[in-house]
Amino acid sequence: MSRQPRIEFPTPVFITESDQLAALCARLAEEPFVTIDTEFIRERTYWPELCVVQLGGVNDVAVIDAQAEGMDMAPLGALLANDRVTKVFHAARQDVEIFLLMFGATPVPIFDTQIAAMVAGFGDQVGYDALVSALTGTQIDKSHRFSDWSARPLSASQLAYAAADVTHLRIVYQKLLSRLEREDRGDWVQEEMAALTEPSLYRTDPETMWQRLKLRPSNRRQAGLLRAIAAWREREAQRVNIPRGRLLKDEAIPEIAALAPEDAEALTRARGITRGFAEGKSGVSLLAAIAAAKSLPDDALPEIAPRGDRDGPRPSPALVALLRVLLAAKSEEHGVAPRLLASSDDLDRLATEAEPAVPATQGWRRRMFGEDAMALRDGRVALATRGKRIRLIHLDAEAPAPEAEAEA
């Protein structure tokens with residue numbers, strides 16, 4: 001295999017002054033796109049603690065010290081809001097969440113190379129280093145992946161590592177964009193990118209957090225307690241800025257709801273609840289949330305389905321398995337990651353609902369997979385093999401759909 005030509009990138013600059021950042025952002029605002037990454041820590045906090053921001057342009061590669069004393073990050077906010085400059089990320093969600101918290105808005109427009117790679121046939125959630133290797137032949141040094149980015153000073157090797165995350169990203173972006181345009185898949189990616197700019201994607205509603213725990217309350221009153229305790233945990237974790245699981249473990253929520261404590265002494269009977277916690281500010285506010293939930297009128301309590309219908313009709317495992325075979329065949333045929341075509345929930349609902357309102361039945365996904373999935377479910381088509389390929393047979397005409405063939 002021929003060696004890839006060496007790519008020369010601008011020398012990285014470490015920015016610690018506000019005027020340096022303002023000048024950099026002014027230059028980057030004149031470019032069609034800028035590559036962006038962040039380094040942050042979150043192990044001990046609810047909110048991510050931003051440490052550095054990396055920006056890459058044609059003539060600039062910069063690592064910005066977001067924790068430098070007196071650093072004014074407003075020029076970065078203006079650049080992220082500039083709709084004439086595309087912001088290129090890899091696996092953007094955590095980065096976008098940080099910028100939403102900092103500036104009150106998501107960057108626009110966004111291009112996520114991880115999502116684009118899924119559309120371009122690189123598989124589910126491909127990592128940055130694997131994508132760089134596949135598209136440029138370069139191996140990324142990931143030795144500082146778990147660095148403490150809040151410690152100062154940063155080493156030369158840390159700065160080089162951080163800069164690499166936005167230099168190679170320019171080449172990856174351009175190659176992916178060229179491939180998507182060549183295969184006429186630009187519109188597919190735009191649908192996904194537009195969803196990344198929706199602020200609600202990054203904001204949790206404390207009142208719905210109990211539903212994520214997949215608990216099965218026996219009555220609405222118990223559901224009201226579960227909702228109140230989970231909502232309290234979310235708000236309190238935000239207030240004291242610690243991870244929700246460190247404040248109160250998931251398994252403690254149904255136990256506390258079952259106890260329905262009225263005082264600190266009763267609250268300490270729950271496993272993991274210390275007397276100090278129960279008698280402190282957090283314990284007092286938790287008991288207040290429980291008391292408020294107890295006093296709710298019946299019509300203010302969460303609705304729950306009868307036990308037999310709690311999750312609706314259960315899909316046939318065999319039918320879901322058959323839909324998965326079709327999904328794998330369609331994914332291979334079109335070079336699109338299966339996860340991007342349909343989720344497990346999409347398949348379950350396709351197996352039980354006539355016309356489910358899920359992504360797999362909308363837009364390009366419907367044309368590529370959804371229509372045939374519903375036809376397979378309804379018995380209008382069947383799956384067969386031809387050598388090592390899977391094909392669809394229309395049962396009314398007993399003729400294969402040639403565009404549906406894929407390697408088995």
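The largest pocket holds about 1500 Å³ of space in what is a predicted model. A pocket here is an open set of points on a 1 Å grid over the protein atoms alone, where a 1.4 Å probe fits, with protein on both sides within 12 Å along at least five of seven lines; its volume is the space filled by probe spheres set on the points, which are joined across faces, edges and corners. The lining (residues with an atom within 4 Å of a point) runs to 46 residues, and Ala-91, Ala-92, Arg-93, Gln-94 and Gln-114 sit closest to the centre. Strand E2 (33-41) is among the elements that give two or more residues, along with helices H3 (93-103), H4 (113-119), H5 (128-136), H6 (156-182), H7 and H16 (338-341). Helices (H or I, at least four residues) and strands (E, at least two) are DSSP runs, numbered from the N terminus. Sorted by class, the lining comes out as 20 nonpolar, eight polar and 18 charged residues, with Ala, Val, Leu, Ile, Met, Phe, Trp, Tyr, Cys and Pro taken as nonpolar, Asp, Glu, Lys and Arg as charged, and the others, Gly among them, as polar.

As for the ground rules, residues are numbered from 1 along each chain as its sequence is written. Local features need pLDDT of at least 70 and side-chain atom pairs 80 or more, while totals for chains, interfaces and linings use all residues, and side-chain values use heavy atoms, leaving out hydrogens and water.

Turning to the rings, a search of the whole structure turns up eight aromatic pairs (Phe, Tyr and Trp, the last by its six-membered ring, with centres within 6.5 Å; planes under 30 degrees apart are stacked, over 60 edge-to-face, the rest tilted). Trp-188 and Trp-364 have ring centres 4.6 Å apart and planes at 5°, so they are stacked. Trp-188 belongs to H7 (residues 186-196) and Trp-364 to H18 (residues 363-377), so this pair ties together parts 176 residues apart in sequence.

Finally, Asp-60 sits in the loop between strands E3 (49-56) and E4 (61-65), and counts as buried because its relative accessibility is 14%.

Key. Buried means under 20% relative accessible area, exposed over 50%, partly exposed in between (1.4 Å probe, protein chains only).
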